[in-house]
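Below are some notes for a colleague who is opening this entry for the first time. Please read them alongside the sequence and the model.

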Amino acid sequence: MEAPERQGVISILAVCAASHLDLTLKVLQEFGAAMSKVKISGFISRLKDYHHGTRGKTRRTLMLTYSNVAVHAPKEQLLSRVEADVTGNVLHHYRTSCQVLGITVTNKDMHLKLTLIQNVTEISCAILETRDSQKF
């Protein structure tokens with residue numbers, strides 16, 4: 001997927017979260033779990049896939065989708081779901097993106113780091129818009 005297509009998918013899922021938060025989060029979690037189970041045969045294929053960045057782009061897109069879901073989620077439901085279902089999955093995909101062949105490495109991917117910063121910003125803004133943000 002190219003950038004406009006990825007942004008379109010993110011927008012569609014974020015809008016769906018406004019009225020179907022539970023279902024949207026479930027679909028995102030299932031997609032992320034299915035993506036983790038996909039096997040790439042051979043050492044060279046893994047390195048090739050890593051360097052071409054298809055998995056990295058998909059993980060960054062998932063991360064952005066979670067933060068956009070938080071922004072569009074019903075404010076009365078957000079605080080109960082933000083820690084485990086939104087932020088937890090964003091951090092999971094970030095950590096997974098920092099692994100090569102199952103080994104955690106220092107990731108120098110500036111796009112990934114910027115995506116994490118954007119996620120934290122959007123999720124924080126969504127929390128601040130809730131009525132009970134001070135208690136959270």
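Which residues have the most contacts inside the largest nonpolar core?

1. The core. Tyr66, Val86 and Ile123 have the most contacts inside the largest nonpolar core, a set of 23 residues. At least two residues of this core come from each of helix 2 (21-37), helix 4 (54-72), helix 5 (75-97) and helix 6. Helix 5 gives the most, with six residues. As general background, nonpolar side chains tend to be buried together in soluble globular proteins.

2. Around Ile123. Apart from neighbours within four places in sequence, Ile123 is in contact with Ser67, Ala70, Val82, Val86, Thr87 and Val90.

3. Confidence. The model is predicted. The average pLDDT of the chain is 84, and 82% of the residues score at least 70. Among the elements, helix 6 (residues 110-128) has the highest mean pLDDT, 94, while helix 3 (residues 43-52) has the lowest, 52. Please keep the value for helix 3 in view when reading that segment.

4. Order of elements. The chain has six helices and two strands. Read from the N terminus, the elements run α-α-α-α-α-β-β-α.

5. Burial and surface. Of the 136 residues in the chain, 36% are buried. The accessible surface comes to about 8600 Å², and carbon and sulfur atoms account for 60% of that surface.

6. Contacts along the sequence. Taking contacts between residues at least 6 apart in sequence, 75% join residues at least 24 apart.

Conventions: Residues are numbered from 1 along each chain as its sequence is written. This is a predicted model: local features need pLDDT of at least 70, side-chain atom pairs count only at pLDDT 80 or more; totals for chains, interfaces and linings use all residues. Side-chain values use heavy atoms; hydrogens and water are left out. pLDDT is the predictor's confidence in each residue, from 0 to 100. Helices (H or I, at least four residues) and strands (E, at least two) are DSSP runs, numbered from the N terminus. A nonpolar core is a set of buried Ala, Val, Leu, Ile, Met, Phe, Trp, Tyr and Cys residues joined through side-chain atoms within 4.5 Å. Buried means under 20% relative accessible area, exposed over 50%, partly exposed in between (1.4 Å probe, protein chains only). Contact means heavy atoms within 4.5 Å. Accessible areas come from the Shrake-Rupley method with a 1.4 Å probe; for residues, only the protein chains shown count as cover.
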